[in-house]
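Here is a short briefing on pockets, salt bridges and surface features. The structure comes first, then the points by topic.

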Amino acid sequence: MLYFGVQIAVAPWYPGHSYVHNVASHLGSDLSPKADVFNRTVQALGVVIAATALAFGAGLRSAGSPWWRIVPLCIAMLTIAVQTFWAAYYPMPDPRHGGHPAFIAGMLLFPPAMFAAMWPYAGRLGRAYFIFTLIHLAVMVPIMSGIVLRETLADAQGVKQRLFTVALFMPFAVGAVILSRRLKRAGA
């Protein structure tokens with residue numbers, strides 16, 4: 001919510017901002033009067049995600065999950081934390097803004113790793129959510145990379161990015177709810 005909330009808070013000060021056309025990083029660029037607010041908030045989000053990775057690791061360990069479910073999830077979450085902090089530390093138009101391929105690999109690993117970690121605890125509805133998220137991600141990757149619908153969605157960069165980001169950030173919340181319920185039932 002912090003990621004989307006800061007966009008809503010800062011967008012009114014960005015001249016001509018469009019959620020359809022502009023990616024979120026435009027709000028942290030040198031064209032935004034509130035770039036510092038946006039970038040500091042996104043950096044804080046990176047720190048929160050890193051702490052969340054550690055909390056998930058501890059929670060999953062308490063729930064009795066094997067290491068092979070915990071380690072890939074925590075690595076993917078920490079990669080998202082670094083990418084998030086990095087993107088705000090090097091705001092657009094800095095050429096370093098987009099990060100490195102390792103960040104992208106970690107981001108793409110996250111939903112399947114969350115799915116694998118939560119599978120034993122998720123129940124029917126949770127599993128359906130994670131399957132939908134994996135399908136969502138499978139559809140978004142070729143769209144984001146420009147392999148499909150390049151010209152059709154050329155003017156909708158903001159929509160594409162936000163739809164992709166939902167596939168990355170919503171599993172944090174869903175996984176946290178599932179894990180907290182599991183720990184509560186277990187009395188941990």
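A salt bridge here is a side-chain nitrogen of Lys or Arg within 4 Å of a carboxyl oxygen of Asp or Glu. This is a predicted model, where local features need pLDDT of at least 70, side-chain atom pairs count only at pLDDT 80 or more, and totals for chains, interfaces and linings use all residues. Residues are numbered from 1 along each chain as its sequence is written, and side-chain values use heavy atoms, with hydrogens and water left out.

**Salt bridges**
- A search of the whole structure finds two salt bridges.
- D94 pairs with R96, with the closest N and O atoms 2.8 Å apart.
- R40 pairs with D36, with the closest N and O atoms 3.0 Å apart.
- Both R40 and D36 sit in helix α2, four residues apart, about one turn of the helix. Helices are DSSP runs (H or I, at least four residues), numbered from the N terminus.
- R40 is partly exposed at 44% relative accessibility; partly exposed lies between buried (under 20% relative accessible area) and exposed (over 50%), with a 1.4 Å probe and protein chains only.
- D94 is partly exposed at 22%, and R96 is partly exposed at 43%.

**Largest pocket**
- The largest pocket holds about 760 Å³ of space. A pocket is an open set of points on a 1 Å grid over the protein atoms alone, where a 1.4 Å probe fits, with protein on both sides within 12 Å along at least five of seven lines; lining residues have an atom within 4 Å of a point. Its volume is the space filled by probe spheres set on the points, which are joined across faces, edges and corners.
- Its lining has 30 residues, with Q83, M107, M144, Q161 and F164 nearest the centre.
- α5 gives the most to this lining, with seven residues.
- By class, the lining of the largest pocket has 18 nonpolar, 11 polar and one charged residues. Ala, Val, Leu, Ile, Met, Phe, Trp, Tyr, Cys and Pro count as nonpolar, Asp, Glu, Lys and Arg as charged, and the others, Gly among them, as polar.

**Second largest pocket**
- The second largest pocket holds about 350 Å³ of space.
- Of its 14 lining residues, M1, L45, F169, F172 and A173 are the closest to the centre.
- Its lining divides into 13 nonpolar, one polar and no charged residues.

**Backbone**
- A cis peptide bond joins M92 and P93, with omega about 10 degrees.
- P93 lies in the loop between α3 and α4.

Note on methods
Helices (H or I, at least four residues) and strands (E, at least two) are DSSP runs, numbered from the N terminus.
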